[in-house]
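Open the structure in a viewer and keep the sequence beside it. The stops below say what to select and what is there.

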Amino acid sequence: MVLQRSRRNNVKGAEMQVKLLEAAWCHYRAALLEAEANLEIYLSEVAAVPDHSSALDEVVKWTDKVAHAKMALDVLKAKMPAAKLMTTPPWRDVENIVTP
């Protein structure tokens with residue numbers, strides 16, 4: 001009975017770990033998409049930027065955010081349990097989103 005309870009707690013703990021990792025993954029994936037979009041705007045349409053004097057600062061800022069999000073995603077991927085990586089994680093669908 002105690003052994004069953006212990007196993008159940010271990011399963012719940014593992015499930016919580018995966019949920020936390022997935023939530024963190026989604027957070028950094030959203031941050032990456034935002035940073036890439038903003039960086040693309042600054043690099044392709046500088047005329048659309050209201051204050052040109054700070055354009056370089058903005059490019060540096062968004063480049064740093066892209067790098068930070070990518071590094072964070074690499075860390076989380078390394079922490080994700082191997083069994084979870086074998087299934088279809090929610091973030092795979094994020095890369096294939098088509099907006100109208």
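Start by selecting Leu 76, which is found in helix H2. Helices here are DSSP runs of H or I with at least four residues, strands are runs of E with at least two, and both are numbered from the N terminus. The model is a predicted one, in which local features need pLDDT of at least 70 and side-chain atom pairs count only at pLDDT 80 or more, while totals for chains, interfaces and linings use all residues. Residues are numbered from 1 along each chain as its sequence is written, and side-chain values use heavy atoms, with hydrogens and water left out.

Is Leu 76 buried or exposed? Leu 76 counts as buried, because its relative accessibility is 13%. Buried means under 20% relative accessible area, exposed means over 50%, and partly exposed is in between, with a 1.4 Å probe and protein chains only.

Now show the surroundings of Leu 76. Leaving aside residues up to four places away in sequence, Leu 76 touches Leu 21, Ala 24, Trp 25 and Tyr 28; a contact means heavy atoms within 4.5 Å. Ala 24 is 52 residues from Leu 76 along the chain, yet their C-alpha atoms are separated by 7.7 Å.

Step back to Val 75, also in helix H2. Val 75 is partly exposed, with a relative accessible area of 49%.

Next select Cys 26, in helix H1, which runs over residues 2–44. Cys 26 has a relative accessible area of 36% and is therefore partly exposed. Draw a line from Cys 26 to Leu 73: the C-alpha atoms are 9.2 Å apart, and the two residues are 47 apart in sequence.

Select the whole of helix H2, residues 55–79. Its 25 residues should span 36 Å at 1.5 Å a residue, and the end C-alpha atoms are 36 Å apart, so the two agree. The expected span is 1.5 Å times one less than the number of residues in the helix. Which residues in H2 are buried? They are Ala 55, Glu 58, Val 59, Trp 62, Val 66, Ala 69, Ala 72, Leu 73 and Leu 76.

Stay in H2 and select Glu 58 and Lys 61. Glu 58 forms a salt bridge with Lys 61, and their closest N and O atoms are 3.3 Å apart. A salt bridge is a side-chain nitrogen of Lys or Arg within 4 Å of a carboxyl oxygen of Asp or Glu. The two residues are separated by about one helical turn, because they are three residues apart in helix H2. Glu 58 is buried at a relative accessible area of 18%, whereas Lys 61 is partly exposed at 35%. A search of the whole structure finds one salt bridge.

Then select Trp 62 and Lys 65. The charged end of Lys 65 sits over the ring of Trp 62, 4.8 Å from the ring centre. For this, NZ of Lys or CZ of Arg must be within 6 Å of the ring centre and within 35 degrees of the ring normal.

Finally, select the whole chain. It has four helices and zero strands, in the pattern α-α-α-α along the sequence. Of the 100 residues in the chain, 22% are buried. Among contacts between residues at least 6 apart in sequence, 75% join residues at least 24 apart.
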